[in-house]
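Q: I have a model open on my screen and would like to learn how to read it. Can we go through it feature by feature?

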Protein chains: 2
Amino acid sequence: MKIGFIGLGIMGKPMSKNLIKAGYELVVYNKTQAKADELVELGAIRGTSPADVASQCGVIITMLPNSPQVRDVCLGEGGVIESAAEGTIVIDMSSIDPVESKAIGAKLAEKGIEMMDAPVSGGEPKAIDGTLSVMVGGTKENFDKYYDLLKAMAGSVVYVGELGSGNVAKLANQVIVATNIAAVSEALTLAVKNGADPELVYQAIRGGLAGSTVLDAKAPMMMEHNFKPGFRIELHIKDLQNALNAAHATATSLPITSQVMEIMQARKNAGCGTEEPRAIVK
Amino acid sequence: MKIGFIGLGIMGKPMSKNLIKAGYELVVYNKTQAKADELVELGAIRGTSPADVASQCGVIITMLPNSPQVRDVCLGEGGVIESAAEGTIVIDMSSIDPVESKAIGAKLAEKGIEMMDAPVSGGEPKAIDGTLSVMVGGTKENFDKYYDLLKAMAGSVVYVGELGSGNVAKLANQVIVATNIAAVSEALTLAVKNGADPELVYQAIRGGLAGSTVLDAKAPMMMEHNFKPGFRIELHIKDLQNALNAAHATATSLPITSQVMEIMQARKNAGCGTEEPRAIVK
């Protein structure tokens with residue numbers, strides 16, 4: 001069975017390489033065709049459009065920047081929907097608005113095409129190592145059926161519920177991560193500005209209820225003013241915007257998330273969108 | 001050497017009991033005198049005012065609700081300053097505004113009275129068990145000198161810097177705890193309102209960068225709608241207000257902390273001030 005892989009960016013390229021390594025036969029497509037060259041050299045077949053990929057594959061993985069690109073690849077001109085056979089499944093591993101996941105899934109379902117949303121966390125290094133964390137929304141049957149395929153790119157593959165739930169889990173994750181980064185930034189800034197040694201404060205509080213993975217991962221780097229990017233503020237903005245979209249679609253209020261979003265947006269507008277999020281401590 | 005202990009509330013009473021258990025001779029005082037009865041039965045001497053306690057003791061521990069009470073006990077009518085001998089030390093274990101710690105310490109210093117701020121975290125159960133975490137600001141010499149005394153009430157006693165730093169560390173801790181609680185509340189609310197199973201989402205994200213002590217401690221209780229108080233929203237409001245006071249005294253901006261404060265304040269105004277903070281998930 002051939003696997004289609006659409007979207008060969010920073011994440012998609014190493015993920016598709018790991019599938020080839022695991023023995024899967026791939027048909028790959030990227031809007032900028034040159035990005036497919038390396039995979040074609042490794043044995044992948046070059047697709048000429050999403051529809052072309054769909055005409056050859058019963059399973060199509062998408063790894064794209066955001067909701068509009070997923071909608072376009074699935075439902076647009078030359079998209080998957082034009083040529084996919086009934087029973088085809090789209091596994092969207094992009095991080096997008098879950099409301100859009102459900103809407104795109106509903107459109108595909110009209111043609112008998114199934115969909116799972118399976119966004120990842122972990123970033124480029126874990127995409128390369130094949131140790132991503134994948135959060136899967138869709139039917140439990142499809143989760144079980146495609147578990148091994150996803151596991152070839154991941155350290156953990158977890159089922160979280162119906163279509164859209166994968167992205168809901170991812171956004172819940174991002175809400176906590178972004179807010180915890182802001183909390184650590186404010187706490188350390190308060191300490192420094194009020195004459196306390198931030199290193200001693202960090203050591204004093206890390207073992208208690210203030211302890212977090214963000215505190216241990218980011219506080220030492222903030223104190224060394226190490227703002228080497230691992231993630232970008234503009235990507236947090238994208239995720240927080242999707243979280244707020246999903247929240248507002250269900251009349252949910254996220255006052256802290258929206259405030260964190262405003263801070264990140266202000267940093268981006270100040271020309272710092274490509275900075276590491278912990279740089280907000282500045 | 002007799003130890004004065006002023007403030008025998010929910011925290012002060014078990015803390016002073018642990019000092020008696022450790023063999024210290026105490027002179028105790030509480031504004032509501034009846035609260036001293038139990039300690040007098042255990043062998044403590046009853047003081048009639050802070051000044052009376054100070055006339056008998058070279059070391060005075062205070063455990064009071066907030067800055068105004070500490071100021072009053074130290075500097076007010078019948079206060080410590082009226083009768084304390086030169087070289088006396090006040091160890092303030094209350095959680096107060098660090099700007100006030102420094103100001104009170106400066107006034108006491110004019111009379112040759114020393115001061116340390118040594119606020120605690122851990123709440124009533126840890127006060128009873130003698131396993132509080134103490135964050136100490138003051139001179140390193142005094143930290144070393146009174147380490148054993150503090151350790152008789154605590155699991156950990158950590159030096160964080162000059163006078164005021166203990167409260168700065170405590171407030172940094174509270175900023176992170178309150179904000180992390182808000183983050184978990186918003187993330188779980190987003191998940192539930194958007195049709196994901198919060199338990200599966202929690203399990204999916206707890207091992208990653210979203211992981212925190214707050215997430216593991218509070219999320220399961222939030223999902224069970226267990227809002228049995230361990231801490232009270234109105235105490236968070238007090239700490240966040242002190243954090244904002246200290247921040248504004250040094251022209252520091254804490255936008256997320258202030259937003260969390262507004263949410264907690266709104267809950268209190270809705271008649272829920274004595275609720276557990278994780279109840280904001282409602």
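Predicted model: local features only at pLDDT ≥ 70, side-chain atom pairs only at ≥ 80, totals over all residues.

Q: How is chain B laid on chain A, by what turn and what shift?

A: The general idea is that two copies of a chain are related by a rotation about an axis and a shift along it. Here, a turn of 180° with a shift of 0.0 Å along the axis puts chain B on chain A, with an RMSD of 0.0 Å. That is the relation of a two-fold axis.

Q: What area is buried between chain B and chain A?

A: For chain B and chain A that comes to about 4600 Å², and carbon and sulfur atoms give 70% of it. In chain B, the residues that lose the most area to chain A are B:Glu186, B:Leu190 and B:Leu209, together 15% of what that side buries. Counting residues instead, 58 of chain B are in contact with 58 of chain A.

Q: How many salt bridges and polar contacts are there between chain B and chain A?

A: Zero salt bridges between the two chains, but 10 residue pairs in polar contact. As for which elements do the touching, β9, α8, α9, α10, α11 and α12 of chain B each supply at least two residues of that side. The largest share, 20 residues, comes from α8(B).

Q: How many salt bridges are there over all chains, then?

A: The idea is that side chains of opposite charge can pair when their charged atoms come close. Over all chains the count is 16. One of them joins A:Asp144 and A:Lys140, with the closest N and O atoms 3.2 Å apart. These two are four residues apart in helix α7 of chain A, so about one helical turn separates them. A:Asp144 is partly exposed at 46% relative accessible area, and A:Lys140 is partly exposed at 39%.

Q: Which parts of chain B does the pair of B:Glu38 and B:Lys13 tie together?

A: Start with the distance: their closest N and O atoms are 3.3 Å apart, in a salt bridge. B:Glu38 sits in helix α2 and B:Lys13 in helix α1, so the pair ties together parts 25 residues apart in sequence. Another case is B:Arg206 with B:Asp216, at 2.9 Å from N to O. B:Arg206 is in the loop between α9 and α10 of chain B and B:Asp216 is in helix α10, so this pair links parts 10 residues apart in sequence. Salt bridges can also share partners: A:Lys13, A:Lys17 and A:Glu38 are joined into one network that way.

Q: Is Cys57 buried or exposed in each chain?

A: A:Cys57 is buried, at 3% relative accessible area, and B:Cys57 is buried at 4%.

Definitions and conventions. Residues numbered from 1 in each chain as written. Chains lettered and ligands numbered in written order. Heavy atoms only, no water. Buried < 20%, exposed > 50% of the residue type's maximum accessible area, 1.4 Å probe, protein only. Least-squares fit on C-alpha atoms with pLDDT ≥ 70 in both. Contact = heavy atoms within 4.5 Å. Buried area = accessible area lost by both parts, 1.4 Å probe. Salt bridge = Lys/Arg side-chain N within 4 Å of Asp/Glu carboxyl O. Polar contact = N/O pair within 3.5 Å; in protein donor to acceptor, adjacent residues only side chain to side chain.
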